[in-house]
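Welcome, and please have your viewer ready. This tour goes stop by stop, telling you what to select and what you will find there.

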Amino acid sequence: MYEAIRKGATDEEIFAATYEKAYFVQQMRELVELEEEMLKTPGRLPSDELLIKAKKDGFSDKYIAKILGLREKDVRKKRTELGLVEGWCAVPVSGVKDQYYYYSTYNCKDESTASTNPKKIMILGGGPNRIGQGIEFDYCCCHAAMALREMGYETIMVNCNPETVSTDYDTSDKLYFEPVSLEDVLQIYHKEKPAGVIVQFGGQTPLNIARALSDEGVKILGTSIDSIDIAEDRDLFRKMMDQLGIPMPENGMATNIDEALACVKQIGGYLVMIRPSFVLGGRGMEVIYDENMLREYVTKAVGVTPDRHSQDRSALQASLSQTHSACA
């Protein structure tokens, strides 16, 4: 609907296609108009007034940076200089006295009070997932909270999936019902000032922002950022296996279709199994039977891991099933 409005669709045309009432279409139209106003100055930060309005209307730092061709940190810096930071509204837990969870907005007074306890740890959950996927991440987050509590630490859970145990009111000492994004996690971190953050138990979503968090001075507990990258980057992982002398299928990396074709030739042809780096749960993995399938896959794979430092490459891993060899 957003794109239809951007391309000039009328309220009547949208209603005919979606049955959305005029009120909701108008709310969406106001966002489109605000975005178009910001796009009048590409490559530059919006005016103070326009940036404040965009943030209060729900535009993220990341999206503003994307449409204007800026760095997210520049938008964040300007916003912070304007004193525009999130406030958290408390939502009482039904039937439980003095229990709340918190959600953020740029439109309300902050109702969340950070404790002065220096022994507190923030745990990042997995965010949204599909039915039947990612239960192990929620399990790990819950048991991390339980173990930390037994060790005498206060726990802060950041997650936005209502269908998880990690977002139950009694799993952690404090629950921020927030997107697991750099913008939201950073602001919670600066408010709560925990001893550190655990990113490894929430799956790919928190792993994707781990390096950016570290670059902003957030203390990442447990596995180091470099070690996380070795485990997730197929090429770095292959080099580590070679260094340790651990046998594995023949493999390599491809960043474009020409490299992918050369890689398939190197290992003896099809069938091959191919997958991107920086994904968990088999996302983007596919068995390739011929060159046409390979070309189609490489075209689609560029967008599979858009938030990683390998943003502009299609990092692929494939294995040749007949000879138990692989090409990445």
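One term comes first: two residues are in contact when they have heavy atoms within 4.5 Å of each other. Keep in mind, too, that this is a predicted model.

**The whole protein**

Start with everything shown as a cartoon. The protein has 328 residues, and 42% of them count as buried. Its secondary structure comes to 13 helices and 10 strands. Take the contacts between residues at least 6 apart in sequence: 58% of these join residues at least 24 apart.

Now select Leu124 and show what surrounds it. Leaving out residues up to four places away in sequence, Leu124 touches Cys141, Val158, Val180, Val185, Val197, Ile198, Val199, Gly202, Pro206, Ile209 and Leu213.

Next, widen the view to the largest nonpolar core, which has 23 residues. Leu124 is among those with the most contacts inside this core, along with Met122, Val185, Val199 and Leu213. Which elements each supply at least two residues of this core? Colour strand E3 (120-124), strand E4 (154-159), H8, helix H9 (204-215) and helix H10 (225-232) to see them. H8 gives the largest share of the core, 5 residues.

Apart from this core lies another, of 17 residues; to find it, select Val32, Leu34, Met38 and Ile67, which are among its members.

**The second largest pocket**

To centre your view, select Arg76, Thr80, Leu186, Gln187 and His190, which lie nearest the pocket's centre among its 13 lining residues. The space in this pocket is about 200 Å³.

Then colour by domain, and you will find that domain 1 (1-82) and domain 2 (87-229) each give at least three residues to the lining.

**Tyr103**

For the last stop, select Tyr103 in strand E2 (residues 100-105).

Beyond its neighbours within four places in sequence, Tyr103 is in contact with Gly87, Trp88, Cys89, Val91, Phe177 and Glu178. Finish by drawing a C-alpha to C-alpha distance from Tyr103 to Ala90: they are 13 residues apart in sequence and 6.9 Å apart in space.

Note on methods. Residues are numbered from 1 along each chain as its sequence is written. This is a predicted model: local features need pLDDT of at least 70, side-chain atom pairs count only at pLDDT 80 or more; totals for chains, interfaces and linings use all residues. Side-chain values use heavy atoms; hydrogens and water are left out. On a 1 Å grid over the protein atoms alone, a cavity is a set of points where a 1.4 Å probe fits but cannot get out, and a pocket is an open set with protein on both sides within 12 Å along at least five of seven lines; lining residues have an atom within 4 Å of a point. Grid points are joined across faces, edges and corners, and a volume is the space filled by probe spheres set on the points. Domain bounds come from an automatic or database domain assignment. A nonpolar core is a set of buried Ala, Val, Leu, Ile, Met, Phe, Trp, Tyr and Cys residues joined through side-chain atoms within 4.5 Å. Buried means under 20% relative accessible area, exposed over 50%, partly exposed in between (1.4 Å probe, protein chains only). Helices (H or I, at least four residues) and strands (E, at least two) are DSSP runs, numbered from the N terminus.
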